[in-house]
Amino acid sequence: MSEQTLPHTKPFKFSWDKTLNTTGAWVLALLWFLPLAYAIWTAFHPAMYEVRFDLTAPLTLENFTKAWEAAPFGRYFLNTVLLVTGILAGQFILCTLAAYAFARFEFPGKSVLFTLVLLQLLVMPDILIVENYKTMRHLGLVDTITAIALPYLASGFGIFLLRQTFMTIPKELEDAARLEGCSILGVLWRVYIPLAKPTYLAYGLVSVSHHWNNFLWPLIITNSVETRPVTVGLQVFAAVDGGLEWSVINAATLLTSGPLLIAFLLFQRQFVQSFIRAGIK
Amino acid sequence: MKFTRTTAQLNWIYAWLLLSPALIMLFAFTHYPAIVTLISSFFSTPRGKRPAKFIGLENYQALINDEIFWHVIWNNLLYALATIPISVAIALVMALWVNGKLRGLGFLRMAYFTPTVLPLIAVANIWLFFYTPGFGLIDQIRNGLFGLPDQNLLGQTDTVLWAVMAVAIWKEAGFFMIFYLAALQTIPPSLKEAADIEGASRWTFFWRIIFPLLMPTTLFVSVNAVINAFRLVDHIFVMTGGGPDNASTLLLFYIYEQAFKYWQTGYAATLTVVLLALLSILAIGQFFFFDRKVHYR
């Protein structure tokens, strides 16, 4: 941090401060990376190498095929993809409309309603599992993907994030578009949404990773292969005490987090930037 | 005059139309269940054809006399008290490192942040293996390097909660790091230059300038950490199932057990009320605690 700004620091001078920091950072990073590295090791080697670290150990994909055959992971993936895209689409539509109203309209009850929206940041559907389950039973939606998604469609976080973004967009742009004869939804579609693209990307990544990983509510509301997302599928698979080898369980574990992990490693920079953007607001 | 009034009214209608889809969903799955939870906490659990009956404070009385409940509350408070400061502190250190010019920055950032994108349920499976007595990595290291006997960290009442906390800290620190990193990047380099001219040490510079400037982020991160400490219980399902002897049961996990294992929905509603009250108190408390210390820019 300091080397750059201090003109008298010579470029190759040995510095205790920097060495200690670098060492500390690396030790922590290795410690943080160890669990994943370990899971990758066991998943790609035969079971007998679970605790024997031999660099010449043969690589194998057998654990993955075993896991894939032992449980309907294909179906689970399909369910998760349907779930995540459904939630994302719903959130984009509902949050955009609401955020626009909060950002650019004056109406009675505005501040009360906005407070009620923000309240969801504290009182999350994740906690209200008992009553939401009853609601789903009344609606006859138990054990459907719709039921997993419904409580998350109107997201207080999403409304807040988009409202903050919309408020930074100059009102003159909207007025100009209105003069050209654009309708309210037209203005939203042609002015606000295109200018808020980075926020949509950030929010989308946060939402997808959150709902891909969500577990408790899907566990409660689903009870069949046709609706279970991968997280619940993994739990059902791993909880069966049938002498499953750790290497197979680890392979299944990597399988469930795989798509997200690969996407993250490929788009690491954008991913981190998006989270930063979502966090700043 | 008449014209402006009607446009204003027209705007109200538009605003309400734009808001209604989101608000209906929000009320249906957040506000309505929150209120009904409070109401059901005063009623008995409906059984078969017997509908729920008003029983006043009986559920709350049962709660006060429920030893497991107090055990669970204590567990969760300890869990929060330990995981929140540790994960926030680690996150801050990580952010300072990643924001610097260290070697292998790409790897550092990836290593710190990766746990965040993994499902907690998957993470728990990996850690479960670490903790396996005799066979898992931790015992391998204990046996191999130090000659210590096997230890079942997840099977002992005095170690299990700490073992579960380690997973939460590992999973969360990288997430919080991002917010600190974002805040650090908005601090102008001229501040550092000024401090250098004044001859301030790095230590002074951090505590007097950087740390106060990060206060809004610290508030935001710790509110999130509090919520997560009560909201995330996925790893409990995989690693311990709340055991042994409820030593690792957290409040939301206990609610799940009461509601969906024993079908005591009335009692589960009462527990949920406690959870909501706890969350509100903690969140409001944090705002007041930080209020004087936060320097808004």
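The structure is a predicted model, in which local features need pLDDT of at least 70 and side-chain atom pairs count only at pLDDT 80 or more, while totals for chains, interfaces and linings use all residues. Residues are numbered from 1 along each chain as its sequence is written, and chains are lettered from A and ligands numbered from 1 in the order in which they are written.

Chain A contains 14 helices and zero strands (DSSP runs numbered from the N terminus, with H or I over at least four residues for helices and E over at least two for strands). Of its 281 residues, 43% are buried, a residue being buried if 20 or more other C-beta atoms, placed from the backbone, lie within 10 Å of its own. Among contacts in chain A between residues at least 6 apart in sequence, 78% join residues at least 24 apart; two residues are in contact if their C-beta atoms, placed from the backbone, lie within 7 Å.

Chain A is divided into domain 1 (16–65) and domain 2 (71–280), with bounds from an automatic or database domain assignment. The C-alpha centres of these two domains of chain A lie 32 Å apart. Nine residues of domain 1 of chain A are in contact with nine residues of domain 2 of chain A. On the domain 1 side, α1(A) gives the most, with four residues.

The contact between the chains takes 74 residues from chain A and 77 residues from chain B. Helix α1 (residues 16–43) of chain A gives the most to the chain A side, with ten residues. That side divides into 52 nonpolar, 18 polar and four charged residues (Ala, Val, Leu, Ile, Met, Phe, Trp, Tyr, Cys and Pro count as nonpolar, Asp, Glu, Lys and Arg as charged, and the others, Gly among them, as polar).

Conventions
A residue is buried if 20 or more other C-beta atoms lie within 10 Å of its own, exposed if 12 or fewer, and partly exposed in between; C-beta atoms are placed from the backbone.
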